[in-house]
Amino acid sequence: INCFSIEPSGQGALALAYEQLKEKLSSKGYFDITTKKQLPKYPSKIALITSATSAGLQDMLRVANKRYRAIEIDIYDVLVQGEKSAYDIVNAIKSSDTKGYDFIVLSRGGGSVEDLWSFNEEIVADAIFKAKTPIVSAVGHEIDWVISDFVADLRSPTPSAAMEMTLPDTDELYQFIDSISNQFSQILEQK
């Protein structure tokens with residue numbers, strides 16, 4: 001008998017590797033809520049780590065443009081799947097972590113378990129955990145959970161939802177300013 005690979009019965013090799021890494025990182029404190037960094041309420045400069053040709057990037061830019069134009073966005077073009085993608089993602093995290101961003105969004109659209117696997121690599125989890133800048137994990141669709149989601153400071157169900165969760169809404173800000181202005185006028189009239 002020539003055997004080239006062995007997998008546990010009833011469980012795939014990737015599912016087993018995922019659970020083993022999740023358990024290992026959890027025991028090291030990577031998922032502890034006390035280690036999570038807060039995102040600023042009014043960011044001025046953010047980084048998006050994703051594929052420059054992805055639909056997810058276009059969705060994020062569209063939502064950001066609609067919600068909050070007073071922000072500078074830098075894009076770090078990386079491979080988001082494939083053999084060398086995890087190293088590409090790690091290098092982008094390390095590079096962007098030194099640039100003074102308010103937060104970093106790590107993003108990729110949906111795909112199969114194999115397509116999303118780069119975000120289940122231990123080196124990516126290490127880079128997220130060691131980063132000084134808050135990191136948002138926006139990988140896959142709502143039903144997809146990857147290791148980077150657990151390690152990141154905030155998990156978003158989709159790339160476009162990441163922008164909605166992290167950026168203030170300009171219309172709401174205008175309404176708030178109007179209400180403050182009205183209160184100020186009323187107080188002045190009373191005095």
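# Burial, pairing and salt bridges

Trainee: In which helix is Phe176 placed?

Mentor: Phe176 lies in helix H7, residues 170–190; helices (H or I, at least four residues) and strands (E, at least two) are DSSP runs, numbered from the N terminus. This is a predicted model, in which local features need pLDDT of at least 70 and side-chain atom pairs count only at pLDDT 80 or more, while totals for chains, interfaces and linings use all residues. Residues are numbered from 1 along each chain as its sequence is written, and side-chain values use heavy atoms, with hydrogens and water left out.

Trainee: Why does Phe176 count as partly exposed?

Mentor: Buried means under 20% relative accessible area and exposed over 50%, with partly exposed in between (1.4 Å probe, protein chains only). Phe176 has 47% relative accessibility, so it counts as partly exposed.

Trainee: What makes the nonpolar surface patch?

Mentor: Tyr174, Phe176, Ile177 and Ile180 make it, with an area of about 430 Å². Patch residues have over 30% relative accessible area and no salt bridge; like charges are joined within 9 Å, and nonpolar side chains (Val, Leu, Ile, Met, Phe, Trp, Tyr) within 5 Å. Areas come from the Shrake-Rupley method with a 1.4 Å probe, and for residues only the protein chains shown count as cover.

Trainee: What makes Lys24 and Glu122 a salt bridge?

Mentor: The rule asks for a side-chain nitrogen of Lys or Arg within 4 Å of a carboxyl oxygen of Asp or Glu. Between Lys24 and Glu122 the N to O distance is 2.9 Å, and the pair is accordingly a salt bridge. It links distant parts of the chain, Lys24 in helix H1 and Glu122 in helix H4, 98 residues apart.

Trainee: How do you know that Glu122 also ties together other parts of the chain?

Mentor: Glu122 forms a salt bridge with Lys28 as well, the closest N and O atoms being 4.0 Å apart. Lys28 lies in the loop between H1 and E1 and Glu122 in H4, so this pair joins parts 94 residues apart in sequence.

Trainee: Are Asp149 and Arg155 buried or exposed?

Mentor: Asp149 is buried, with a relative accessible area of 4%, and Arg155 counts as buried at 18%. The two form a salt bridge, their closest N and O atoms being 3.4 Å apart.

Trainee: What is the largest nonpolar core?

Mentor: It has 32 residues, and those with the most contacts inside it include Leu25, Ile93 and Ile128. H3 gives the most to this core, with 5 residues. A nonpolar core is a set of buried Ala, Val, Leu, Ile, Met, Phe, Trp, Tyr and Cys residues joined through side-chain atoms within 4.5 Å.

Trainee: Which residues does Ile128 touch?

Mentor: Leaving out residues up to four places away in sequence, Ile128 touches Ile93, Leu106, Ile135, Ser148, Val151 and Ala152; contact means heavy atoms within 4.5 Å. Ile128 is one of the buried residues of H4.

Trainee: How do you know that E1 and E3 pair?

Mentor: Two strands pair if DSSP finds at least two bridges between them; 4 bridges join E1 to E3, which run parallel. One partner of these strands is Phe103 in E3, bridged to Ile46. The open sheet of 5 strands has the order E2-E1-E3-E4-E5.

Trainee: What makes E2 and E5 edge strands?

Mentor: E2 (72–77) and E5 (154–155) each pair on one side only.
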